[in-house]
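Student: I would like to take a close look at a single part of this model, namely how two of its elements pack together and what surrounds that place. Please take me through it in one connected account.

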Amino acid sequence: MDVTLHLAQQPEADELLGRSPLAALVGMLLDQQIPMEWAFAGPYTIARRLGADDLDAHEIAAYDPEAFAALLSTKPAVHRYPGSMAKRVQQLCQYLVEHYDGDAAKVWEGAGTGAELLRRLKELPGFGTQKAQIFLALLGKQLGVDPKGWREAAGAYGEARSFRSVADITGPESLAKVRAHKQEMKAAAKAAKTSGG
């Protein structure tokens, strides 16, 4: 895995996401209730605060929980909810150590089908169906991980040129399209709620 992603919109952070399977997974985990760029810059910030050029699942899994929460809480905080997200990042890393020897890429290596890969992603702590489908679409669209049936397993996120999620962001222009799509979806959901539907 060594591609250029444009999710954090910061060259160093994006470079880490493109070469580090664990950084990409952690960025996806952090991507909730904060702007996407902030979430995907998180792995780079964590690595820098750990004094490393990449994340290490074994190190994070074994880190003192209070010290790790403090690491994420240091201003500027890695997330709006740094304490709970520190716990989630550690749970993810502990799971990877237990099931994949700490190697995040093993989650998708050897997955024979898109359905199998989706199942593996959904088993990760903090990855529900939607997050798993978005990450599967990111793997297929930008990271060259494309087992048979991956688009179907990723659902609407797997559609070509759909501009629904981070899987479709390749620069500022596509970022704007994804933002517009998300705003449309929020407005539609709000309208449905007020009309009683």
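Student: Are α1 and α3 roughly parallel or roughly perpendicular to each other?

Tutor: This is a predicted model, in which local features need pLDDT of at least 70 and side-chain atom pairs count only at pLDDT 80 or more, while totals for chains, interfaces and linings use all residues. Residues are numbered from 1 along each chain as its sequence is written, and side-chain values use heavy atoms, with hydrogens and water left out.

Helix α1 covers residues 11-19 and helix α3 residues 36-49, helices being DSSP runs of H or I with at least four residues, numbered from the N terminus. The two pack at an angle of about 95°, and their axes lie 8 Å apart; the axes are lines fitted to C-alpha atoms over the stretch in contact, and angles between N-to-C directions run from 0 to 180 degrees. The pair is therefore roughly perpendicular, the class for 65 to 115 degrees, with under 35 counting as roughly parallel, over 145 as roughly antiparallel and the rest as oblique.

On the α1 side, the contact (heavy atoms within 4.5 Å) is made by Glu 12, Ala 13, Leu 16 and Leu 17, and these meet Phe 40, Ala 41, Pro 43, Tyr 44 and Ala 47 of α3. Sorted by class, this contact holds eight nonpolar residues, no polar ones and one charged residue.

Within α3, Pro 43 deserves a separate look. With a relative accessible area of 0%, Pro 43 counts as buried, a term that means under 20%, whereas exposed means over 50% and partly exposed lies in between (1.4 Å probe, protein chains only). Ala 70, which is 27 residues from Pro 43 in sequence, lies 15 Å from it in space, C-alpha to C-alpha.

Helix α3 also has a partner in helix α10 (residues 172-194), whose buried residues pack against α3. These are Ser 174, Leu 175, Val 178 and His 181. The 23 residues of α10 should span 33 Å at 1.5 Å a residue, and the 33 Å between its end C-alpha atoms agrees with this; the expected span is 1.5 Å times one less than the number of residues.

Technical notes:
Nonpolar A, V, L, I, M, F, W, Y, C, P; charged D, E, K, R; others polar.
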